[in-house]
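Subject: Structure handover

Dear colleague,

Here is the structure for your files. My notes on what was found in it follow below.

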Amino acid sequence: MFHKILIANRGEIAVRIIRACREMDIVSVAICSEADKDALHAQLADETVCIGPAPSKDSYLDMNRVLGAAMAVGADAIHPGFGFLSENSKFVRMCEKANITFIGPSADIIDKMGNKSEARKTMMEAGVPVVPGTKDAVYDAAEGKTLADDMGYPVMIKASAGGGGKGMRICFESKDFEATFETAKLEAENAFGDGTMYIEKYVQDPRHIEFQILADKQGHTIHLGERDCSIQRRHQKLVEESPSPVITEELRKKMGAVAVKAAKAAGYYSAGTIEFLKDKDDNFYFIEMNTRIQVEHPVTEWVTGIDLIREQIRIAMGNDLTYSQDEVQVRGHAIECRINAENTERNFMPSPGVITSVHFPGGKGVRIDSAIYAGYEIPPYYDSMIAKLIVYDKNRELALRKLKNALGEVVIQGVATNVDYQYDIINHPDFVAGEFDTGFIERFQEERER
Ligand code: ADP
């Protein structure tokens, strides 16, 4: 049993985890930076430790300070949320040494899945379909070009250490390969300190379909159905839903079984996600595994009735899974919109500042995961996502109707947000029809600018 959990994060996910701790009678400890003393997570937790200055590298990303705080308060475990240290195997090893449970998989599993070209190899060996592409990492542009020429264009050049859409470039023609490779590699070196690359065939008009996995330390592994996250801007998700409007029960069974096989091949435990790209002919390919809880987890919670944070904590304590695969049922339809403080008219520039007033919708089937309140000042140092609006109803049509009303009711004053932009997305005829792919936003943006 955990008595006390330190939450190594901020914003809405920290608040989400604090609430779960409270429901489980576990003492919650927040950490905050000097810029976050008034943040909701710092106010809501049972205890709060200010661990350093505003920049993430001096606070939320400073492994010694985070672990030091956990030791000082006598925490049994650390929940990393997403982002920050959630996929940092070095930090997990430090926790393991300090005898503090990291709520997530082991350092070895993170290493195995965190390196995307290595993960591809593991999956190929396990018989999981991956996007056709290079078997080994590619370090050199000329070598990459030879491989890409063989593969045929267009190709996707990707960073092994990649995440958040960084270090990734499409290349349409052989003559552009070397320059594109160098650009992607440079971006990867800057973002991750690692310029190891790999090359995949570019999947035409794909849908991003991911499966939620839960696995315990005893080797039980189940999936909780899929999320369709094809609405992306620059490879960053904006709207997510479950179930996907294009996945039949038969395909769900097939893809779900492959997702479970993939998680098992990684020796996985905790909550995790297997991401696939699916083409128009229902071919699907593994692209990566996320070894943490994800932003979009609430849509799965709603259609399955399973509390993912609670399960994650229970698994970390060494418990068996609460549910068997047969007990998981996907019912109804849930859709999530990410609300960001950004200016959609000015190239999506972040819009920090004081929230002068805020009103969120409510009622049956409406969930808000947020950490803002009237008078709160959004600091300029962190991610611009300030809230998630999630709706649930019996079917997609009703859920969409609810989402339109709920989004229409949102009022956030003082900073620019993408609420109106999201409203236009979910009212677009292609979105309403469920007919979209990962290129939707690019087309949508062109239509707006016309
Ligand atoms: P990251 O780890 O940076 O999130 P992913 O590998 O998960 O990167 O890919 C993010 C998104 O980029 C996918 O959801 C998809 O939209 C696009 N993408 C990635 N690989 C390919 C590919 N081979 N073909 C087409 N689109 C791709």
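Is Glu 241 buried or exposed? Glu 241 is buried, at 1% relative accessibility. Buried stands for under 20% relative accessible area, exposed for over 50%, and partly exposed for what is in between (1.4 Å probe, protein chains only).

Two remarks on conventions come before the rest. This is a predicted model, in which local features need pLDDT of at least 70 and side-chain atom pairs count only at pLDDT 80 or more, while totals for chains, interfaces and linings use all residues. Residues are numbered from 1 along each chain as its sequence is written, and side-chain values use heavy atoms, with hydrogens and water left out.

Domains

The domain assignment gives domain 1 (4-103), domain 2 (132-201) and domain 3 (207-449); such bounds come from an automatic or database domain assignment. The centres of domain 1 and domain 2, taken over C-alpha atoms, are 35 Å apart.

Salt bridges

The whole structure holds 40 salt bridges, a salt bridge being a side-chain nitrogen of Lys or Arg within 4 Å of a carboxyl oxygen of Asp or Glu. Helices and strands are named below as DSSP runs numbered from the N terminus (helices H or I, at least four residues; strands E, at least two).

To return to Glu 241, its side chain meets that of Arg 396 in a salt bridge, at 2.7 Å from N to O. Because Glu 241 lies in strand β11 (residues 236-242) and Arg 396 in helix α12 (residues 396-409), the pair ties together parts that are 155 residues apart in sequence. Arg 396 is buried too, with a relative accessible area of 13%. There is also a network in which salt bridges with shared partners join Arg 16, Glu 23, Glu 301, Asp 307, Arg 310, Arg 367 and Asp 369.

Another salt bridge links Arg 93 and Asp 108, with the closest N and O atoms 2.8 Å apart. Here Arg 93 belongs to helix α4 (residues 89-97) and Asp 108 to helix α5 (residues 107-114), so the pair ties together parts that are 15 residues apart in sequence. Arg 93 is partly exposed at 34% relative accessibility, and Asp 108 is exposed at 52%.

Asp 62 and Arg 65 form a salt bridge as well, at 3.0 Å from N to O. Asp 62 is buried at 18% relative accessibility, whereas Arg 65 is partly exposed at 37%.

Surface charge

A patch of negative charge on the surface is made up of Asp 140, Glu 143, Glu 178 and Glu 182. Patches take residues with over 30% relative accessible area and no salt bridge; like charges are joined within 9 Å, and nonpolar side chains (Val, Leu, Ile, Met, Phe, Trp, Tyr) within 5 Å. Asp 140 sits in the loop between α6 (116-126) and α7 (141-151) and is partly exposed, with a relative accessible area of 38%.

Backbone

Most residues other than glycine have a negative phi, and most peptide bonds are trans. Where does this model depart from that? The peptide bond between Tyr 153 and Pro 154 is cis, with omega about -5°, and Pro 154 is placed in the loop between α7 and β6 (155-159). A cis bond also runs from Ser 242 to Pro 243, with omega near -5°; Pro 243 is in the loop between β11 and α9 (249-265).

His 235 is not a glycine but has a positive phi of about 65°. His 235 is in the loop between β10 (221-233) and β11, and is partly exposed at 36% relative accessible area. Phe 348, likewise not a glycine, has a positive phi of about 60°. Phe 348 lies in the loop between β15 (342-343) and β16 (349-350) and is buried, with a relative accessible area of 10%.

Sequence and space

Pro 245 is found in the loop between β11 and α9 and counts as partly exposed at 35% relative accessibility. Pro 245 and Phe 436 are 191 residues apart in sequence, and their C-alpha atoms are 9.9 Å apart. For Ala 45 and Lys 166, the separation is 121 residues in sequence and 33 Å from C-alpha to C-alpha. Ala 45 is in the loop between α2 (40-44) and β3 (47-52), and is buried at 10% relative accessibility.

Regards

Key
Areas by Shrake-Rupley, 256 points an atom, 1.4 Å probe, with all protein chains shown as cover. Lys, Arg positive; Asp, Glu negative; His and termini not counted. Charge placed at Lys NZ, Arg CZ, Asp CG, Glu CD.
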